[in-house]
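My entries follow in the order in which I made them.

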Amino acid sequence: MSLVALRGVAKRYATGTLALEGVSLDIARGDFVALLGPSGCGKSTLLRLLAGLADPTAGSLSWQGTARPEIGFVFQEPTLMPWATALRNVALPLELAGLRRRDAEARAADWMARVGLAGFEHSYPRALSGGMRMRVSIARALVTRPPLLLMDEPFAALDEITRFRLNDDLLRLWEAERFTAVFVTHSVFESVFLARRILVMAPRPGRIVAALDITAPSPRDGAFRTSGEYAAQCRTVSQALADAMAEAA
Amino acid sequence: MTWLRLLAPAVVALLFLACWEAAVRLYAIPPYILPGPVLIAQTLVRDWGTLSGSLLVTLQITLMALAAAAGLGLLLAILFAQSRILALSLFPFAVILQVTPIVAIAPLIIIWANDVTLSLLICAWIVAFFPILSNTTLGLNSADPNLVDLFRLYRASRWQTLWRLRLPSALPYFLAGLRISGGLSLIGAIVAEFVAGTGGSASGLAWRIMESGYQLQIPRMFAALALISATGIAIFMALTLLSHLLLRHWHESATGGH
């Protein structure tokens with residue numbers, strides 16, 4: 001059963017740029033989908049359409065149950081309110097939904113612990129490292145327990161060691177919560193490690209050129225990252241990406 | 001470093017005062033041309049009764065004008081941020097008010113207001129309110145666009161977005177405007193007083209300066225001048241402290257930019 005179905009979706013910006021054209025895809029409930037492609041292939045635009053932050057100029061999005069479900073969104077930057085403590089940042093979506101501050105903070109504190117930030121509740125964002133800020137951002141996105149989590153290259157600015165740890169923790173959370181995840185990245189290695197399904201995108205105009213299923217063990221961990229199976233999958237995906245780029249050029 | 005920040009200007013000030021005093025004594029400059037700092041200090045103590053009363057009058061008008069500028073500037077900026085058409089139609093008039101020299105319109109205001117304190121207040125307010133309006137308007141519109149998207153995503157109301165996102169984003173800008181306006185409201189109050197030229201008991205420091213000039217009591221003129229400077233410095237320091245206290249946890253300007 002698909003959570004959302006896109007048919008012939010296109011997005012043209014007011015400047016005339018055609019960011020997406022003829023995008024049709026189904027996202028299954030509980031799936032982990034990676035949108036993989038170079039800069040300018042419309043990955044982020046597609047994510048914004050899914051989030052309802054922009055509307056398609058052609059085509060349709062149909063949601064199971066007709067309405068767009070509650071959504072968690074993780075931006076490229078941590079995008080925290082610098083004037084609020086980590087806890088207050090995580091509690092924000094609950095407070096916007098009208099929860100009393102005390103209840104919202106209690107649930108936010110749970111999520112702080114679940115992303116490994118117990119003890120940092122009262123730290124301000126500027127006192128936290130880049131990886132910790134991203135953890136706060138993930139906790140904030142998940143605090144309302146949304147059925148759909150959208151992530152826009154969230155770990156691109158982090159060092160590799162931190163990125164690996166956040167990838168591990170994200171998978172652990174996904175396995176526990178089973179939300180549907182759509183993860184934008186330009187890293188083949190990251191997409192193969194995280195996703196069950198990879199949609200390869202090409203630019204000018206942005207479109208989906210290949211869909212690959214990653215058949216790999218679950219749960220995935222550090223051992224998977226160094227396995228021959230992982231290397232083989234990465235080779236397949238790299239080849240698909242190279243083909244897409246050659247075709248676009 | 002903190003030490004040096006206090007010590008260095010203090011040493012310069014002391015040196016300057018010492019040279020001044022020495023020059024006055026050495027060249028026997030008469031006090032009605034240039035009084036020395038010691039004589040000015042003595043005058044300040046001797047005339048404290050009248051001078052402190054005037055200081056209070058000026059300070060009162062300055063602080064009331066600053067409060068009105070902060071309140072109305074903030075309110076207008078919020079209105080501008082809510083309605084683009086309102087901002088476009090009213091902002092030019094705020095600019096006109098700002099660029100018209102206060103000395104030129106003060107006589108009109110004094111005639112219209114028909115009350116000295118009120119007219120002084122209006123003059124000081126006109127001078128002081130623009131930096132707060134323009135800074136806060138800028139601040140309200142410079143919220144992180146991703147955070148704006150996040151608030152949209154969670155279907156935040158206009159009020160929630162204003163209260164939880166736009167106003168906190170604007171706070172550093174508002175405080176920077178307030179620091180400029182603190183000095184300007186004092187200048188506005190003094191200039192308006194000069195134009196109004198009020199006499200009697202409820203007269204501010206500007207009137208004391210004019211009065212001393214007429215009577216050739218130059219040391220007292222300097223004493224009033226010193227009080228005006230001290231007031232300006234005190235207002236600036238108080239607003240800097242306020243800004244530091246409010247922003248120290250999160251804004252680069254208050255955390256030393258590490």
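**Entry 1. Helix 2 and helix 10 of chain B.** I took the axes of helix 2 (residues 37-46) of chain B and helix 10 (residues 218-247) of chain B; they come within 8 Å and cross at roughly 80°. That angle makes helix 2 of chain B roughly perpendicular to helix 10 of chain B. I then listed the residues that meet. Helix 2 of chain B brings B:Leu39, B:Ile40, B:Thr43 and B:Leu44, and helix 10 of chain B brings B:Pro219, B:Arg220, B:Phe222, B:Ala223 and B:Ala226. Sorted by class, this contact has seven nonpolar residues, one polar and one charged. I keep in mind that the model is predicted.

**Entry 2. Chain B overall.** I looked up the secondary structure and found eleven helices and zero strands in chain B. The C-alpha trace of chain B spans about 75 × 50 × 25 Å along its principal axes. Chain B has 258 residues, of which 37% count as buried. I also checked the sequence separation of the contacts in chain B: among those with a separation of 6 or more, 75% are between residues 24 or more positions apart.

**Entry 3. B:Ile105.** I picked one residue of helix 5 (residues 102-113) of chain B, namely B:Ile105. How exposed is B:Ile105? I find 17 C-beta neighbours inside 10 Å, so B:Ile105 counts as partly exposed. B:Ile105 and B:Ala192 are 87 residues apart along the chain, and their C-alpha atoms are separated by 9.6 Å.

**Entry 4. Contact between the chains.** How many residues does each chain give to the contact? Chain A gives 15 residues and chain B gives 14 residues. On the side of chain A that touches chain B, strand 5 (71-74) and helix 2 (86-96) of chain A each supply at least two residues. By class, that side of chain A has twelve nonpolar residues, one polar and two charged.

**Entry 5. Helix 2 and helix 3 of chain A.** Helix 2 of chain A packs on helix 3 of chain A at an angle of about 120°, with the axes 8 Å apart. The pair is therefore oblique, helix 2 of chain A against helix 3 of chain A. I recorded the crossing of helix 2 of chain A past helix 3 of chain A as right-handed. On the helix 2 side of chain A the contact is made by A:Ala86, A:Leu87, A:Val90, A:Ala91, A:Leu94 and A:Glu95. From helix 3 of chain A come A:Arg101, A:Ala104, A:Glu105, A:Arg107, A:Ala108, A:Ala109, A:Trp111 and A:Met112. The classes in this contact of helix 2 of chain A with helix 3 of chain A are ten nonpolar, no polar and four charged.

**Entry 6. Helix 4 of chain A.** I checked the length first. The 13 residues of helix 4 (residues 130-142) of chain A should span 18 Å at 1.5 Å a residue, and the end C-alpha atoms are 19 Å apart, which agrees. Is helix 4 of chain A largely enclosed or largely open? Ten of its 13 residues are buried, so helix 4 of chain A is largely enclosed by the rest of the structure. The buried residues of helix 4 of chain A include A:Arg133, A:Arg135 and A:Arg140, along with A:Met134, A:Val136, A:Ile138 and A:Leu142. Their cover includes strand 5, helix 2, helix 3 (101-114), strand 6 (148-152) and helix 5 (160-177) of chain A.

Entry 7. Most residues other than glycine have a negative phi, and most peptide bonds are trans. I searched for exceptions.

- A:Arg145 has a positive phi of about 50° although it is not a glycine. A:Arg145 sits in the loop between helix 4 and strand 6 of chain A, and it is exposed, with 11 other C-beta atoms within 10 Å.
- A:Arg178 also shows a positive phi, about 55°, although it is not a glycine. The loop between helix 5 and strand 7 (180-185) of chain A holds A:Arg178. With 13 C-beta neighbours inside 10 Å, A:Arg178 counts as partly exposed.
- The peptide bond from A:Arg204 to A:Pro205 is cis, with omega near -10°. I located A:Pro205 in the loop between strand 8 (197-202) and strand 9 (207-213) of chain A.

Methods
Residues numbered from 1 in each chain as written. Chains lettered and ligands numbered in written order. Predicted model: local features only at pLDDT ≥ 70, side-chain atom pairs only at ≥ 80, totals over all residues. Contact = placed C-beta atoms within 7 Å. Helix = DSSP H or I, 4+ residues; strand = E, 2+ residues; numbered from the N terminus. Nonpolar A, V, L, I, M, F, W, Y, C, P; charged D, E, K, R; others polar. Expected span 1.5 Å × (residues − 1). Buried ≥ 20, exposed ≤ 12 C-beta atoms within 10 Å, placed from the backbone. Axes fitted to C-alpha atoms, helices over the stretch in contact; angles between N-to-C directions. Parallel < 35°, antiparallel > 145°, perpendicular 65-115°, else oblique. Left-handed = near helix turned anticlockwise from the far one by under 90°.
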